[in-house]
Amino acid sequence: DDVGFNVAKNSITSLIGANGAGKTTMFDMICGLQTFDSGKVTFAGHEIATYQPHTIARLGMARSFQLPRPFTSLSIADNMRVPLLYAVGARRGGAMSARRIDERCRELLTMVGLQDRATRFPRDLTQVEMRKLELARAMAAQPKLLIADEAMAGLSPSEVEDIVALLIRLNEGGVTVILIEHIMRAVMRFSQRLVVLVSGSKIADGLPNDVIRDPEVERAYLGQ
């Protein structure tokens, strides 16, 4: 409902709000998975409201999902090869060489600590490993912008720290990040900016320490 915000290059923005506030719906509209009645989404100089998700991905936007969605019949390495073939290869106007694809698979799996799992299948992974695979698949598309939906849901405190450290490394490598997350200690450590949704409307937008002290945010989301 009349929600708008800008995301600066190389920034880290967290989108927070109670369940049902509209956060994932917002992500779906940005990524081309849902249409909307009015307004626009602009990315990398393009107005993308009518673009298909694969076209948006090839512009440099990647998405990870709240519930990981690997290709269950493919090995971990082959899961990584899909975006390398159909996002990166298509963006460059031609397929990557098999050798370069294999090199990039190893680089990405090493980055998330799954290099020893390359020949295994998603069913063999723990929950945190599945989260790391989801992020690695998104990063395989070589995005300018990573949109991550609850990448830390259901994880232990030490596992949360692993994902936070990974996201920080990605951002330091030049990737802009927008994150939906409920774990506030992670949000406060990771974010440079918070946007708060309540019932489909934006009620706050600014520096994290300012936003969490906003009386309306306390009443609507954090609790008094």
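**Ground rules.** I worked on a predicted model, where local features need pLDDT of at least 70, side-chain atom pairs count only at pLDDT 80 or more, and totals for chains, interfaces and linings use all residues. Residues are numbered from 1 along each chain as its sequence is written, and side-chain values use heavy atoms, with hydrogens and water left out.

**Entry 1, strand 7.** I took helices (H or I, at least four residues) and strands (E, at least two) as DSSP runs, numbered from the N terminus. I looked up burial for strand 7 (residues 193–198): five of its six residues are buried, so the strand is largely enclosed by the rest of the structure. Buried here means under 20% relative accessible area, exposed means over 50%, and partly exposed lies in between (1.4 Å probe, protein chains only).

I then checked its partners, counting two strands as paired if DSSP finds at least two bridges between them. Strand 1 (residues 12–16) runs parallel to strand 7 over four bridges, with T13 opposite R193. Strand 8 (residues 201–206) pairs with strand 7 in the antiparallel sense over five bridges, and V195 stands opposite D205 there. The hairpin of strands 7 and 8 has two residues between the strands, and S199 takes a positive phi near 50° in it.

I defined a nonpolar core as a set of buried Ala, Val, Leu, Ile, Met, Phe, Trp, Tyr and Cys residues joined through side-chain atoms within 4.5 Å. The largest has 39 residues, of which M80, L135, L146, M152, L167 and L179 touch the most other members. Elements giving two or more residues to this core include helix 3 (76–91), helix 4 (98–111) and strand 5 (145–149). Helix 5 gives the most, with eight residues.

I listed the contacts (heavy atoms within 4.5 Å) of M80. Leaving out residues up to four places away in sequence, M80 touches C105, L108, L109, L133, A136, R137 and A140. A second, separate core of 18 residues includes L15, M61, I180 and V195.

V160, I163, V164, L166, L167, L170 and N171 are buried in helix 6. They cover an arc of only 160° around the axis (directions from the helix axis to the C-beta atoms), so they lie on the same side of helix 6. The face turned away from that side carries the exposed residues S158 and E172. Just after helix 6, I found G174 with a positive phi of about 105°.
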